[in-house]
Amino acid sequence: MPEELTWNRVFQENNLLKELELLKQKVAEQRIFATVYPKDEDILSAFRLTEFNDVKVVIVGQDPYHGMGQANGLAFSVNPDVRIPPSLLNIFKEIQLEFKVPIPTVGDLSAWAKQGVFLLNTILTVQESLPLSHQHLGWQKITHKAIELLSEKRKNLVFILWGNQAKQLEQLIDSEKHLILKSVHPSPLSVNRGFWNNQHFTKTNEYLINYGLEPIEW
């Protein structure tokens, strides 16, 4: 029987709860003079919706969407009433290519999160209209450690790394224990340089099935 690990326990054991409180304070200070996304209650959505022991797949993003009402705390995901952003639309197009399914009309990926897809941005907050504005706030201490701990304490996970920033995190992952899938980012700027037909969603499900796990309904 695998050890019952929660994010709260993992954070506690690795002295990250104090760090988390400090970051929340920093974000509260930022909100005094600027609009910050996502809402406070959504900042840790990825951890809330996909518990440590339930993670099957990790998809790494950079920082939240910086437009009004878009970000919901899950990498690449947007709130249900928001227009699907270009990168997410390209992700949906790749899924359509692989599985011959229609493109969703809603960009909320919480259904993936509830199936064990850990949708983690390495930076968890952003100032409105200023991408990467919170890159020096210190979120990476939490998020990089989360990836490291998943690699160390779990086995047979799929880590999906799109784009150069995500690929740098490969060094935190034990490739002997896990499957690592890499390609260019699905952004319109890079999608034509190797994202199409990367088969990442098919390969993920094949790997999960191979280890007796339920495939993801993409």
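## Aromatic pairs

The structure, a predicted model, holds 15 aromatic pairs. Rings of Phe, Tyr and Trp (its six-membered ring) pair if their centres lie within 6.5 Å; planes under 30 degrees apart are stacked, over 60 edge-to-face, and the rest tilted. Tryptophan 112 and phenylalanine 201 form a tilted pair, because their ring centres are 6.3 Å apart and their planes stand at 55 degrees. This pair links distant parts of the chain. Tryptophan 112 sits in helix H5 (residues 110-114) and phenylalanine 201 in helix H8 (residues 200-210), 89 residues apart. Helices (H or I, at least four residues) and strands (E, at least two) are DSSP runs, numbered from the N terminus.

Both tryptophan 112 and phenylalanine 201 are buried. Buried means under 20% relative accessible area, exposed over 50%, and partly exposed in between (1.4 Å probe, protein chains only). Ring pairs also join Trp112 and Phe201 into a cluster with Phe76, Phe92, Trp162, Phe195, Trp196 and Trp218.

## Basis of the values

Residues are numbered from 1 along each chain as its sequence is written, and side-chain values use heavy atoms, without hydrogens or water. Local features need pLDDT of at least 70 and side-chain atom pairs count only at pLDDT 80 or more, while totals for chains, interfaces and linings use all residues.

## H4 against H8

Helix H4 (residues 86-99) and H8 have axes that come within 8 Å and cross at roughly 60 degrees. Axes are lines fitted to C-alpha atoms, for helices over the stretch in contact; angles run from 0 to 180 degrees between N-to-C directions. From H4, Ile91, Glu94, Ile95, Glu98 and Phe99 meet His200, Phe201, Thr202 and Asn205 of H8. The contact residues divide into 4 nonpolar, 3 polar and 2 charged. Here Ala, Val, Leu, Ile, Met, Phe, Trp, Tyr, Cys and Pro count as nonpolar, Asp, Glu, Lys and Arg as charged, and the others, Gly among them, as polar.

Threonine 202 lies in H8. It is buried at 16% relative accessible area. Beyond four places in sequence, threonine 202 touches Glu98 and Phe99 (contact means heavy atoms within 4.5 Å). A polar contact of 2.6 Å joins its side chain to that of glutamate 98. Such a contact is a pair of N or O atoms within 3.5 Å; within protein, one must be able to donate a hydrogen and the other to accept it, and residues adjacent in sequence count only if both atoms are side-chain atoms.

Serine 87 lies in H4. It is buried, with a relative accessible area of 13%. Not counting residues up to four places away, serine 87 touches Phe76, His185, Pro186, Ser187 and Pro188.

Serine 110 lies in H5. It counts as buried at 17% relative accessibility. Leaving aside neighbours within four places, serine 110 contacts Leu49 and Leu74.

Helix H6 (residues 139-153) has 15 residues. The buried residues of H6 are Trp139, Ile142, Thr143, Ala146, Ile147, Leu149, Leu150 and Ser151. Their cover includes helix H2 (17-33) and strand S3 (117-121).

Leucine 137 is in the loop between strand S4 (126-127) and H6. It is buried at 12% relative accessible area. Leaving aside neighbours within four places in sequence, leucine 137 contacts Leu23, Lys26, Val27, Gln30 and Thr125.

Key:
The expected span of a helix is 1.5 Å times one less than its number of residues.
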